[in-house]
Amino acid sequence: NRMINIGRAEGIFYAEMREQLVQMRKELGFRYIRFWSIYDLVTFHTNQFQNAEYNFSRLDRLFDFLCENSFTPFIELGFKPTLLVNITEGEHHFFRSEQKENIFETPEDYENFLCAFARHYCARYGKEEFGRWYFEQWLDPRQVDHHDYSGYWRYFSAAFRALKKGSGKIRLGCGGFSVTEDIYKELLHSWGDTFCTPDFLS
């Protein structure tokens, strides 16, 4: 009863969703709310991430609601596909998903954004509150070249460095994969001494 997954971040803007979350908090006592697609709620004023400016006002409203109701964010940072259709007609099953583009062309761009993110929310809520948040870096198949996971780990390490600058107490985990898959062992062996060590696996 510690965490509930609600999907895309924008769902929290719906009144029905908020009412259900508050009611379920009272009845079940869970603390963490897991969601993804935070980038859809950020305005990027330039494509040059080194000197970019960001408008976090929509995300502010989301996090204000969570904090005001004693929820702790559990944020999936990856660019997960968006489900478009999932229906069954008789024996036929139809499924279609739309791939979300990674807007950060390099790990350095990603790190610059998350540094700004961490600074903003440390200033807004304090380092102590920010340090309670959890983050997860999805294992994006597009960052894996056959059995080479170094592309993924470079993005993970960029996120690790940026978020830990905000607070060393935050938790950043990796994965979002099934432990029954062969990639589980490959991933664990691949991080080695070159990359930052995850705080947890999911």
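Some ground rules before the details. The model is predicted, so to speak of local features requires pLDDT of at least 70, side-chain atom pairs count only at pLDDT 80 or more, and totals for chains, interfaces and linings use all residues. Residues are numbered from 1 along each chain as its sequence is written, and side-chain values use heavy atoms, with hydrogens and water left out.

I start with the overall picture. The chain has 6 helices and 10 strands; helices are DSSP runs of H or I with at least four residues, strands are runs of E with at least two, and both are numbered from the N terminus. Of the 202 residues, 46% are buried. Buried here means under 20% relative accessible area, exposed means over 50%, and partly exposed lies in between, with a 1.4 Å probe and protein chains only. Among contacts with a separation of 6 or more, 71% are between residues 24 or more positions apart; a contact means heavy atoms within 4.5 Å.

Next, the sheet. It is open, with 6 strands in the order β1-β2-β5-β8-β9-β10 and parallel pairing. Two strands pair if DSSP finds at least two bridges between them. Which strands stand at the edges? They are β1 (3–8) and β10 (200–201), each with a single partner strand, so one side of each has no neighbour in the sheet.

Between β1 and β2, which run parallel, there are 5 bridges. N5 has R34 as its bridge partner in β2, and I4 has I33. Helix α2, residues 57–68, packs on this sheet and touches β2 and β5 (72–76), with its direction at about 165° to that of β2. The axes behind that angle are lines fitted to C-alpha atoms, for helices over the stretch in contact, and angles run from 0 to 180 degrees between N-to-C directions.

How many residues of β2 are buried? The count is 5 of the 5, so β2 is largely enclosed by the rest of the structure. In a regular strand the side chains alternate between the two faces of the sheet. In β2, Y32, R34 and W36 point one way, while I33 and F35 point the other way.

Now the charged pairs. Side chains of opposite charge can pair when their charged atoms come close. The rule used is a side-chain nitrogen of Lys or Arg within 4 Å of a carboxyl oxygen of Asp or Glu, and it gives 12 salt bridges.

One of them joins R8 and E10, with the closest N and O atoms 3.5 Å apart. R8 is partly exposed at 24% relative accessible area, and E10 is partly exposed at 32%.

Another salt bridge joins D40 and K100, at 3.3 Å from N to O. That pair links distant parts of the chain, 60 residues apart: D40 lies in the loop between β2 (32–36) and β3 (43–44), K100 in the loop between β7 (92–98) and α3 (107–125). D40 is partly exposed at 32%, whereas K100 counts as buried at 19%.

D140 and R142 also meet in a salt bridge, 2.8 Å from N to O. D140 is buried at 3% relative accessibility, and R142 is partly exposed at 40%.

Last, the rings. The whole structure holds 39 aromatic pairs. Rings of Phe, Tyr and Trp (its six-membered ring) pair if their centres lie within 6.5 Å; planes under 30 degrees apart count as stacked, over 60 as edge-to-face, and the rest as tilted.

F44 and F104 form an edge-to-face pair, 6.4 Å centre to centre with 65° between the planes. They too link distant parts of the chain, F44 being in strand β3 and F104 in the loop between β7 and α3, 60 residues apart. F44 is partly exposed at 25%, while F104 is buried at 1%. F104 also pairs with F113: their centres are 5.3 Å apart and their planes at 40°, so this pair is tilted. F113 is buried, at 0%.

Two charges sit over rings, by the rule that NZ of Lys or CZ of Arg is within 6 Å of the ring centre and within 35 degrees of the ring normal. The charged end of R18 is over F65, 4.5 Å from the ring centre. The charged end of K80 is over W36, at 4.4 Å.
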